[in-house]
Amino acid sequence: MIISNRRVTGLSADVIAELVAELGPLWHERHQGRLASRPRRRAVGAGAKHRFVFVDRLLAALVHLRHGATHDVLACWFGVDRSTITRAIGEVRPLLAERGCTISPGVRLRTLAEVIDHLGASGQTGIVDGTEIRVRRPAVGRKDRDRFISGKNKHNAVKTMVFTDGDGLLLFCSPTKPGSCADITHARELGLVKILAHGQAVEILADAGYQGLGAQTGGRVVTPPHRKFKKNAPEWYEEMHERQRKAHSSRRIRVEHGIAHLKNWWALARHLGRREHVSDMVQAVAGLLSHQQTADLGPRRQR
């Protein structure tokens, strides 16, 4: 029933079956590696056998990401101990994060450089924007406590940079930074300027938070038009500026749709766990969403 109901996991049964076939062997290999790497008195495989199979582990991780269900609730649902759920999610989450974003069956993007190469090779326009995920307040006495306070929303958050194509398909979600990091600083630290300077010629649409990158990338990053008149602007200029601003916004809006799909997964609406796990969770959800989007579009994504 869990697999057949897309409202529970956010994914179709076909996509879940592909995840099981892809990640199951990887999980088993790592599980056996952990058993063989530690000192043992008995041979690998001896002793009690776990009853929580990989399919259930994957489903528990998906429900946790989709609905933000606590480990206690999932333990009651699957009939196991809470520590088993915690361990299962901790094992599956990195596997999901490492998959990258699916752009066509069997083809994935895992780095920002691969995203730029893909956009250049396919002649598409990319769209970039930053989004914040609210997190718990760091403990009193922590030296970098203030770094997590967002200057925009005035709450404790981490920030990730989201890349989509012109159709809104997720192509990349970056590792997270503390909420005080500016969007343009985050992009520079990820190497976007260097990648655009040495990569293929592509057009990247961005909002006003990235103004300044256009000059550094030879005009490849396109931001809203600057306002030349701050006061007493002529009427003709006001009309022209508003028309240009709306034209840019209508092209850039697809990235906001992609971010909205991310936030539909409740674990990213407000993260209540460890802050060091947020990067894995963002990248895991981005990969799952792009996989489902590609499956839904089917042959229309073939270029």
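The charged end of Arg66 sits over the ring of Trp265, 5.3 Å from the ring centre. A charge counts as sitting over a ring if NZ of Lys or CZ of Arg is within 6 Å of the ring centre and within 35 degrees of the ring normal. Arg275 is placed over the face of Phe148, at 5.1 Å from the ring centre. The model is predicted, so local features need pLDDT of at least 70 and side-chain atom pairs count only at pLDDT 80 or more, while totals for chains, interfaces and linings use all residues. Residues are numbered from 1 along each chain as its sequence is written, and side-chain values use heavy atoms, with hydrogens and water left out.

A search of the whole structure finds four aromatic pairs. Rings of Phe, Tyr and Trp (its six-membered ring) pair if their centres lie within 6.5 Å; planes under 30 degrees apart count as stacked, over 60 as edge-to-face and the rest as tilted. One of the pairs is Trp27 with Phe54, which is tilted, at 5.7 Å centre to centre and 35° between the planes. This pair links distant parts of the chain, 27 residues apart: Trp27 belongs to helix 2 (residues 13–37) and Phe54 to helix 3 (residues 54–67). Helices (H or I, at least four residues) and strands (E, at least two) are DSSP runs, numbered from the N terminus. Trp27 is buried, with a relative accessible area of 6%, and Phe54 is buried at 9%. Buried means under 20% relative accessible area, exposed over 50%, and partly exposed in between (1.4 Å probe, protein chains only).

Phe52 and Phe78 make an edge-to-face pair, with 5.7 Å centre to centre and 75° between the planes. Phe52 lies in the loop between helix 2 and helix 3, and Phe78 lies in helix 4 (residues 71–78), 26 residues apart. Both Phe52 and Phe78 are buried. Together with Trp77 they form one aromatic cluster.

In soluble globular proteins, nonpolar side chains tend to be buried together. A nonpolar core is a set of buried Ala, Val, Leu, Ile, Met, Phe, Trp, Tyr and Cys residues joined through side-chain atoms within 4.5 Å. The largest one here has 51 residues, and Leu96 and Leu262 have the most contacts inside it. Another core, of 23 residues, lies apart from it and includes Ile103, Phe163, Ile184 and Tyr210.

Lys154 is found in the loop between strand 3 (126–134) and strand 4 (157–165). Lys154 has a positive phi of about 60° although it is not a glycine, and it is exposed, with a relative accessible area of 64%.
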